[in-house]
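Colleague: I have not worked with this entry before. Could you take me through it in short steps?

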Amino acid sequence: MSSTGARAVGTDGTDFKHRQRVAASIKLSVQYKFYLKLLFALHFLILLPLWAKVGGELIFDQFKLMKQPKLWRRMDLPNAYPWEYIWCLSFIPIILAIPSFQKNRLLLLKLSYYSQFLFGITPCAIGLGSQFPELIDYIRFGEQSKVPTFSGSFPMVILWYLFFLAVFQIQGFSMYFTFNLLNAWRRDPIILKQSADKTQNIDKKDE
């Protein structure tokens, strides 16, 4: 009799709950990837001017590979701090994260997560602390202070603290979404394949 027979596999509702859990995790994975790509784009918008500043100093001032253009002399930028050179390497987490999205590669994304702290958060934290005396000096003495300036008049320390404000938000959210994406990929091996397939299908539609 059916009342005493074994229950058919998949009719107790657990398979439906599992599918719901997998679908929710896949949806979160796709969303986190989108948010990270957006944050990476914002990151590059800030990174490019710093590359220009540090690269210009190396090319025009230190190695003298080219003659200084008039625009460069007019900007009259101060020498780069050591933390600026380190933050110029903050593109490394991005080039680790982007390839990981295709096949949901945990190792690459994990390396990206830790390198965001190493090349992104750490140098900015050092810069924030090391330039705090300059900020205090400018607040106390204003234009009479001896802080480095941009174009000979605007204090660089103000620009740097605006930079820190933007970077800490971008890097903080990037690490947050990377951490959650790692957790989504770890929950179920099925998610790794299905989420990657869904992302690839979306990319094909966009093309």
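Colleague: Among contacts between residues at least 6 apart in sequence, what share joins residues at least 24 apart?
Modeller: One caution first: this is a predicted model. The contacts in question are those in the protein between residues at least 6 apart in sequence. Of these, the share that joins residues at least 24 apart is 75%.

Colleague: How many helices and strands does the secondary structure of the protein come to?
Modeller: From the N terminus on, the elements run α-α-α-α-α-α-β-β-α-α. The secondary structure therefore comes to a count, under the rule that helices need at least four residues and strands at least two. That count is 8 helices and 2 strands.

Colleague: What percentage of the residues of the protein count as buried?
Modeller: The protein exposes about 12800 Å², and carbon and sulfur atoms supply 66% of that area. Buried means under 20% relative accessible area. Of the 207 residues, the percentage that counts as buried is 36%.

Colleague: Which residue does K53 form a salt bridge with?
Modeller: The count of salt bridges comes to 1. K53 is one partner, and the closest N and O atoms are 3.1 Å apart. The pair links distant parts of the chain, with K53 in helix α1 and its partner in helix α3, 31 residues apart. The partner of K53 is E84.

Colleague: Are K53 and E84 buried or exposed?
Modeller: The cut-off for buried is under 20% relative accessible area, and for exposed it is over 50%. Both K53 and E84 fall in one class: buried.

Colleague: How many aromatic pairs are there, and what kind of pair do W51 and F91 form?
Modeller: The count comes to 17 aromatic pairs. For W51 and F91, the distance is 5.7 Å centre to centre, with 70° between the planes. Planes over 60 degrees apart count as edge-to-face, so the angle settles the class. The pair of W51 and F91 is edge-to-face.

Colleague: How many residues apart in sequence are the parts that the pair of W51 and F91 ties together?
Modeller: W51 lies in helix α1, while F91 lies in the loop between α3 (82–87) and α4 (92–103). W51 is partly exposed at 32% relative accessibility, and F91 is partly exposed at 25%.

Colleague: Which residue has its backbone oxygen 3.0 Å from a polar atom of the side chain of W51?
Modeller: Leaving aside neighbours within four places in sequence, W51 is in contact with F44, G56, C88 and F91. The C-alpha atoms of W51 and W87, 36 residues apart along the chain, are separated by 9.4 Å. The backbone oxygen asked about belongs to C88.

Colleague: Which residues do ring pairs link into a cluster?
Modeller: Two of the residues in the cluster, F34 and Y35, also belong to a nonpolar patch on the surface. The members of the cluster are Y32, F34, Y35, F173, Y176 and F177.

Colleague: How much accessible area does the nonpolar patch on the surface have together?
Modeller: The patch is formed by F34, Y35, L38, L42 and L45. One of them, L42, is in helix α1 (residues 14–62) and counts as partly exposed at 37% relative accessibility. Together the patch has about 500 Å².

Colleague: What is the relative accessible area of T178?
Modeller: T178 is in helix α7 (residues 156–187). Not counting residues up to four places away in sequence, T178 touches L36, L109, Y113 and Q116. S174, also found in helix α7, touches L36, L39, F40 and Q116 on the same terms. S174 is buried at 3%, and T178 is buried with a relative accessible area of 0%.

Colleague: What value is phi of N104 near?
Modeller: Most residues other than glycine have a negative phi. S151, in the loop between β1 (149–150) and β2 (154–155), has a positive phi near 60°. N104, in the loop between α4 and α5 (106–130), is buried at 4% relative accessibility. Phi of N104 is also positive, and its value is near 50°.

Terms used:
Residues are numbered from 1 along each chain as its sequence is written. This is a predicted model: local features need pLDDT of at least 70, side-chain atom pairs count only at pLDDT 80 or more; totals for chains, interfaces and linings use all residues. Side-chain values use heavy atoms; hydrogens and water are left out. Buried means under 20% relative accessible area, exposed over 50%, partly exposed in between (1.4 Å probe, protein chains only). Contact means heavy atoms within 4.5 Å. Patches are made of residues with over 30% relative accessible area and no salt bridge: like charges are joined within 9 Å, nonpolar side chains (Val, Leu, Ile, Met, Phe, Trp, Tyr) within 5 Å. Accessible areas come from the Shrake-Rupley method with a 1.4 Å probe; for residues, only the protein chains shown count as cover. A salt bridge is a side-chain nitrogen of Lys or Arg within 4 Å of a carboxyl oxygen of Asp or Glu. Rings of Phe, Tyr and Trp (its six-membered ring) pair if their centres lie within 6.5 Å; planes under 30 degrees apart count as stacked, over 60 as edge-to-face and the rest as tilted. A polar contact is a pair of N or O atoms within 3.5 Å; within protein, one must be able to donate a hydrogen and the other to accept it, and residues adjacent in sequence count only if both atoms are side-chain atoms.
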